[in-house]
Amino acid sequence: TKIALFASGSGSNVQAIAEAIEAGKVPAEIVLLVCDKPDAFVVERAEKLGIPVFAFKPASFESKEAFEAEIASRLHTAGAEYIFLAGYMRLIGPTLLAAYRNRIINIHPSLLPAFQGKDAIGQAFEAGVKITGVTVHFVDEGMDTGPIIDQECLRIEHGMTRHGLQKAIQKIEHSLYPNVITNLLNGNREEQN
Ligand code: GRF
């Protein structure tokens, strides 16, 4: 199955997905990486991994609708059937939602619906919760609000630092996301209406 990944940052999830594909664990081909920050490290990673990249500056387009239309056109040309967001720090708008209805998935570093939005790891740390985790969910028009596909939890041990928590969350993400993608592409998850 041809998939596209969207990212804005370091791209460790992109790397984990690409490696899982390479290892034959995920039945997918990454046909495009979409990045809204041309300077992000993920662009370098993708190029090293041989993944085609579309990196753009939102400010150089007239509107969100305009850059999403450009993204949609490139996705169609590349033949992408699904979009997996991996640290894409921007809300998906109506143009892309319409073009990829129920085919956009996100990973979020908390047990949703707790700690939506930015810095979910910091939010959980500050709140002093003892259990947090990672969620993979379908994307709708809200921020981190669509139907949940899978979750994995993690205990915040006494004395754990914020950095330690971040490492532990990332470790979970890097195994959970490839697994969920595999299940989804194998049809082990009903698509939502
Ligand atoms: C991940 O924690 C993801 O859940 C969040 O952004 C982070 C991206 O990390 N939405 P990376 O760029 O994949 O390293």
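I began with Asn 183, which I found in helix H6, where helices (H or I, at least four residues) and strands (E, at least two) are DSSP runs numbered from the N terminus. I noted that this is a predicted model, in which local features need pLDDT of at least 70 and side-chain atom pairs count only at pLDDT 80 or more, while totals for chains, interfaces and linings use all residues. Residues are numbered from 1 along each chain as its sequence is written.

Is Asn 183 buried or exposed, or partly exposed? I recorded Asn 183 as partly exposed, because 15 other C-beta atoms lie within 10 Å; with C-beta atoms placed from the backbone, a residue is buried if 20 or more other C-beta atoms lie within 10 Å of its own, exposed if 12 or fewer, and partly exposed in between. I also looked up its separation from Glu 19: Asn 183 and Glu 19 are 164 residues apart in sequence and 17 Å apart in space, C-alpha to C-alpha.

**Helix H6 against H5**

Staying with H6, I looked at how helix H5 (residues 120-127) passes helix H6 (residues 162-185), and the axes come within 10 Å and cross at roughly 130 degrees. Axes here are lines fitted to C-alpha atoms, for helices over the stretch in contact, and angles run from 0 to 180 degrees between N-to-C directions. That angle makes H5 oblique to H6, given that angles under 35 degrees count as roughly parallel, over 145 as roughly antiparallel, 65 to 115 as roughly perpendicular and the rest as oblique. The crossing of H5 past H6 is right-handed; a crossing is left-handed if the near helix is turned anticlockwise from the far one by less than a right angle, and right-handed if clockwise.

On the H5 side I listed Ile 121, Gly 122 and Phe 125, which meet Arg 162, Leu 165, Gln 166 and Ile 169 in H6, a contact being two residues whose C-beta atoms, placed from the backbone, lie within 7 Å. The residues of this contact of H5 with H6 divide into 4 nonpolar, 2 polar and 1 charged, where Ala, Val, Leu, Ile, Met, Phe, Trp, Tyr, Cys and Pro count as nonpolar, Asp, Glu, Lys and Arg as charged, and the others, Gly among them, as polar.

**Helix H1 against H2**

For H1 and helix H2 (residues 41-49) I noted axes that come within 9 Å and cross at roughly 15 degrees, and H1 and H2 are therefore roughly parallel to each other. The crossing of H1 and H2 is right-handed. Val 14, Gln 15 and Ala 18 of H1 make the contact with Val 42, Arg 45, Ala 46 and Leu 49 of H2, and the residues of the contact of H1 with H2 divide into 5 nonpolar, 1 polar and 1 charged.

**Annotated positions**

Which residues does the UniProt annotation "binding site" cover? The unreviewed entry gives Gly 11, Ser 12 and Asn 13, and I kept in mind that UniProt positions are in the numbering used here, that feature names are shortened, and that annotations may be inferred rather than shown by experiment. Gly 11 sits in the loop between strand S1 (2-7) and helix H1 (12-22), and I counted it as buried because 25 other C-beta atoms lie within 10 Å. Not counting residues up to four places away in sequence, Gly 11 touches Phe 41, Val 42, Arg 45 and Ala 46.

Asn 13 lies in helix H1 and counts as buried, with 23 C-beta neighbours inside 10 Å. Its contacts, leaving aside neighbours within four places in sequence, are Ala 86, Gly 87, Ile 107, Glu 173, His 174 and Tyr 177.

Under "active site", the unreviewed UniProt entry lists His 108, which I found in strand S5 (residues 104-108).

**Backbone geometry**

Most residues other than glycine have a negative phi, and most peptide bonds are trans. I found a cis peptide bond joining Leu 112 and Pro 113, with omega about 10 degrees, and Pro 113 lies in the loop between S5 and H5. Phe 115 lies in the loop between S5 and H5, has a positive phi near 55 degrees, and is buried, with 23 other C-beta atoms within 10 Å. Asn 102, in the loop between helix H4 (94-99) and S5, has a positive phi near 60 degrees and counts as partly exposed, with 15 C-beta neighbours inside 10 Å.
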